[in-house]
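User: I'm new to this one and would like to learn how to read it. Could you walk me through it feature by feature?

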Amino acid sequence: EEARIMNDKELELIQRLKKKDQKALEEIIRLFHQYVASIVCRILYGQADQTDIQSVINDIFFRLWENADHIKTGQENSLKSYIGALARNTALTEKKKLRHICPLEEDILGEVPDHFHQIELRSMILSALKELNPEEQLVLLKFYFQSKAIQEIADESGQPLPTVKSRLQRSRKKFRKILEERGFNYES
């Protein structure tokens, strides 16, 4: 029951937020960051690194700040459910945007359509991967071929999330450079 109805603490936070009290926003972020992150990660799973998950999360809290006046209080909805809905909508909008960008990684590393010279492409990818060190190969394989979320890779390897994220970015840059040196053109 308690989870559904707004409690005094939430009520007070919303009232402070409506008065543009930054400390209230900081407290809300502290309370709900993990919750928002889990919603965003679930929705953007597999497409996560084309957009920075953290910037989507920041965007959600920014929208909460901007739209504080629209938060209804005293009804049967808690601050958590309001934030949850905001997080879902924001992440879904982001996902739609990503679909339209047809990212390069999806082209090369996703299901390669038959009209690509599949075997040639696959061997080019494999030989390019071999030029990376084992750690770089592993992070790319897990993220792109096994569609694992960055958090999942971090958990499996026992490494902090930021470490895995930057390794993925570095590996991807290096991989892209190797492919470009071999004359592989993404735009084609």
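User: Let's start with contacts. What share of the contacts in the protein with a separation of 6 or more comes from residues 24 or more positions apart?

Analyst: Keep in mind that this is a predicted model. Here, residues 24 or more positions apart make up 68% of the contacts with a separation of 6 or more.

User: And how many helices and strands are there in the protein?

Analyst: You'll find 9 helices and 0 strands. Read from the N terminus, the order is α-α-α-α-α-α-α-α-α. Of the 188 residues, 39% count as buried.

User: Good. Where is there a kink in helix H2?

Analyst: Look at phenylalanine 32: the kink in H2 (residues 22-43) is centred there and comes to about 55°. Phe32 is also among the buried residues of H2, together with others including Leu25, Ile28, Val36 and Val40. While you're at this helix, check its start, where a side-chain oxygen of aspartate 21 comes to within 2.8 Å of the backbone nitrogen of lysine 23.

User: Now the inside. Which residues touch the most other members of the largest nonpolar core?

Analyst: That core has 27 residues, and the ones touching the most other members are Leu17, Ile28, Val36, Val40 and Leu64. Two or more core residues come from each of helix H1 (8-18), H2, helix H3 (53-66) and helix H4 (79-101). H2 gives the most, with 9 residues.

User: Can we zoom in on one member? What is isoleucine 28 in contact with, leaving aside its neighbours within four places in sequence?

Analyst: Isoleucine 28 is in contact with Leu13, Leu17, His33, Phe61, Leu64, Leu79 and Ile83. There is also another core, lying apart from the largest one, with 17 residues that include Met124, Phe143, Ile153 and Leu168.

User: Let's turn to charges. How many salt bridges are there?

Analyst: First the idea: side chains of opposite charge can pair when their charged atoms come close. In this model the count comes to 10 salt bridges.

User: Which residue does arginine 16 form a salt bridge with?

Analyst: Its partner is glutamate 12, and the closest N and O atoms are 2.9 Å apart. Glutamate 12 is partly exposed, at 34% relative accessible area.

User: What about arginine 63: which side chain does it meet in a salt bridge?

Analyst: That would be aspartate 59, at 3.3 Å from N to O. Both residues sit in helix H3, again 4 residues apart, about one turn of the helix. Arginine 63 is partly exposed at 32%, and aspartate 59 is partly exposed at 27%.

User: And lysine 177 with glutamate 181: how far apart are the closest N and O atoms, and are the two residues buried or exposed?

Analyst: The closest N and O atoms of this salt bridge are 3.2 Å apart. Lysine 177 counts as exposed because its relative accessibility, 51%, is over the 50% cut-off. Glutamate 181 is exposed too, at 58%. Both lie in helix H9 (residues 161-181), 4 residues apart, about one turn of the helix. Elsewhere, salt bridges with shared partners link Lys9, Glu12, Arg16, Asp21 and Glu27 into one network.

User: Last stop, H8. Which of its residues are buried?

Analyst: The buried ones are Ile150, Ile153 and Ala154. They cover an arc of only 100° around the axis, so they are on the same side of H8. These buried residues pack against helix H7 (134-145) and H9.

Terms used:
Residues are numbered from 1 along each chain as its sequence is written. This is a predicted model: local features need pLDDT of at least 70, side-chain atom pairs count only at pLDDT 80 or more; totals for chains, interfaces and linings use all residues. Side-chain values use heavy atoms; hydrogens and water are left out. The bend at a residue is the angle between axes fitted to the seven residues ending there and the seven starting there. Buried means under 20% relative accessible area, exposed over 50%, partly exposed in between (1.4 Å probe, protein chains only). A polar contact is a pair of N or O atoms within 3.5 Å; within protein, one must be able to donate a hydrogen and the other to accept it, and residues adjacent in sequence count only if both atoms are side-chain atoms. A nonpolar core is a set of buried Ala, Val, Leu, Ile, Met, Phe, Trp, Tyr and Cys residues joined through side-chain atoms within 4.5 Å. Contact means heavy atoms within 4.5 Å. A salt bridge is a side-chain nitrogen of Lys or Arg within 4 Å of a carboxyl oxygen of Asp or Glu. The arc is that of the directions from the helix axis to the C-beta atoms.
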